[in-house]
Every structure is written in C-alpha cells, then in structure tokens.
Amino acid sequence: MVRRNDQRRAALVDAAIEVLAAQGARGLTFRAVDVEAAVPAGTASNYFANRDDLLTQAGARVYERLHPDEATVARQRAAGRDRDTYVLLMRELVDRVASFRTGYLALLELRLEATRRPELRAVLTERVREDVAANVAYHEASGLPGDATAVKLLILTLNWLIVEQLTLPDVFTPAERDELVAAAVERIVGPETGTPDGGR
C-alpha cells in the first residue's frame with residue numbers, strides 16, 4: 001500500500017533528485033533514496049509503487065521547484081516591455097535554473113533514461129510540452145517583444161547554455177555567459193519592434 005504523507009513523500013522525491021544528480025539513473029534505488037533522506041530502510045518503497053513511479057515523480061518535482069515564486073512573477077510583470085528588460089529576465093532565468101544544479105542534472109539524467117523507457121519518455125514529453133506552452137502563453141500575455149517561435153528558440157538556446165555552465169563551468173566566464181544571453185535575445189527576438197530577424 002502506497003502511503004499518503006505528502007511532506008514525507010516530497011522529502012523522498014527531493015532525495016531522489018540528489019541521488020540522480022550524484023549517481024545517475026542507474027544509481028537511483030529505493031535504498032539509495034532512504035540513505036539520502038536519512039530515513040529507515042524500506043521507507044521509499046512504502047511511498048512509490050515502483051522505480052518508474054519514483055523517476056517520474058522526481059521529474060515533476062524538479063519542474064515544481066524551478067517555478068518562480070509569486071514575488072518573482074509579480075516583479076517580472078511590473079517590469080518594462082522592451083528588449084533590455086527581456087535580456088534581464090533571461091539572465092535571471094538562467095541564474096535561477098543554474099542555481100538548482102542538482103535538479104537540472106537530475107533532469108538530464110531523466111532525459112537519458114527516457115530514451116530507454118517509453119513510459120518515462122511519454123511523461124517527460126507531456127511535461128516539457130506543457131512547460132513550453134506555459135512559457136509561450138506567459139510571453140504573449142506579457143507584451144514583451146518577439147513571437148512564439150522566438151520563445152522556443154530561446155528555450156533551446158538557453159537550455160544548452162545552462163548545461164554548459166553546470167557541466168563544464170570553465171568554458172565561458174560569467175561575463176561571457178551574460179553577453180551570450182544578451183546576444184541570443186537580440187538575434188532571436190530581433191529589433192525593438194518585436195519583429196523576428198527573419199521578418200526584416
């Protein structure tokens with residue numbers, strides 16, 4: 001029987017994220033989660049139906065923790081609507097995601113594992129599609145320059161910049177990363193009118 005203590009479940013899923021980041025998907029066992037969470041042996045197996053359940057819940061939890069808090073969202077909504085503001089928002093986004101290093105590394109491990117597990121791939125595909133759609137909807141409602149394609153291109157570009165920062169942090173300096181974010185916004189979003197470069 002799967003237990004329902006939500007606080008304990010969240011702690012176990014957070015522990016699973018740490019295990020994924022440190023040991024990879026192959027190292028993710030109930031025992032490893034129990035050790036990471038500092039709970040009695042057998043605890044994780046009481047909260048998750050199987051290892052696949054644990055994997056999918058870890059992925060969902062990473063997205064939950066990466067979501068900006070209400071204060072950040074309110075501040076962003078009150079910000080300007082020009083390209084300079086867009087650059088600042090994207091820099092904040094990169095910093096926020098990169099600051100949750102183990103979460104992002106865990107997501108990379110889950111993506112690799114999804115190539116071998118169709119059920120996990122289906123779950124991650126749905127979750128990432130929802131995330132992209134939410135980002136596009138937020139952007140369109142914000143009045144910031146650029147269109148839906150620009151948002152998607154920035155997601156793809158900045159995701160790899162984050163991977164670079166987390167896995168090979170000495171490739172680019174912090175100043176270079178800031179410059180690359182600004183260049184990505186400028187070249188993908190286009191001029192201040194909001195017209196993508198391809199439409200000029």
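What covers the buried residues of α2? The cover of these residues includes α1 (6-23) and α3, where contact means heavy atoms within 4.5 Å. The structure is a predicted model, in which local features need pLDDT of at least 70 and side-chain atom pairs count only at pLDDT 80 or more, whereas totals for chains, interfaces and linings use all residues. Residues are numbered from 1 along each chain as its sequence is written, and side-chain values use heavy atoms, with hydrogens and water left out.

The secondary structure comprises nine helices and zero strands, with helices (H or I, at least four residues) and strands (E, at least two) taken as DSSP runs numbered from the N terminus. Along the sequence the pattern is α-α-α-α-α-α-α-α-α. Taken along the principal axes, the box filled by the C-alpha atoms is roughly 60 × 35 × 30 Å. The protein has 200 residues, and 38% of them count as buried; buried means under 20% relative accessible area, exposed over 50%, and partly exposed in between (1.4 Å probe, protein chains only). Of the contacts between residues at least 6 apart in sequence, 65% join residues at least 24 apart.

In α2, the buried residues are A32, V33 and D34. Just after this helix, A38 takes a positive phi of about 55°, although A38 is not a glycine. Most residues other than glycine have a negative phi. A38 is placed in the loop between α2 (30-37) and α3, and counts as exposed because its relative accessibility is 67%. V39 is found in the loop between α2 and α3, but V39 is buried, because its relative accessible area is 15%. Not counting residues up to four places away in sequence, V39 touches R8, L12 and D34. V39 and I188 are 149 residues apart in sequence, and their C-alpha atoms are 48 Å apart in space.

I17 lies in helix α1. With a relative accessible area of 0%, I17 is buried. Its contacts, not counting residues up to four places away in sequence, are with A58, R61, V62, R65, F100, T102, G103 and A106. I17 and Q57 are 40 residues apart along the chain, and a distance of 9.6 Å separates their C-alpha atoms.

Helix α5 (residues 83-99) has 17 residues, which at 1.5 Å a residue should span 24 Å; the end C-alpha atoms are 24 Å apart, so the two values agree. The expected span is 1.5 Å times one less than the number of residues in the helix. The buried residues of α5 are R83, T85, Y86, V87, L89, M90, V94, V97 and A98. Their cover includes α3 (51-66), α4 (70-78), α6 (101-114), α7 (118-142), α8 (148-167) and α9 (174-189).

L120 lies in helix α7 and counts as buried, because its relative accessibility is 4%. Not counting residues up to four places away in sequence, L120 touches L55, T56, L110, E113 and A114. The C-alpha atoms of L120 and G59 are 9.4 Å apart in space, and the two residues are 61 apart in sequence.

Rolling a probe the size of a water molecule over the atoms shows where empty space is left. On a 1 Å grid over the protein atoms alone, a pocket is an open set of points where a 1.4 Å probe fits, with protein on both sides within 12 Å along at least five of seven lines, and lining residues have an atom within 4 Å of a point. The largest pocket holds about 1,300 Å³ of space; grid points are joined across faces, edges and corners, and a volume is the space filled by probe spheres set on the points. The elements that give two or more residues to the lining of this pocket are α3, α4, α5, α6, α7 and α8. The lining is made up of 41 residues, of which L93, D131, V132, N135 and I155 lie nearest the centre of the pocket. α7 gives the most to the lining, with 12 residues. By class, the lining residues divide into 27 nonpolar, six polar and eight charged, where Ala, Val, Leu, Ile, Met, Phe, Trp, Tyr, Cys and Pro count as nonpolar, Asp, Glu, Lys and Arg as charged, and the others, Gly among them, as polar.
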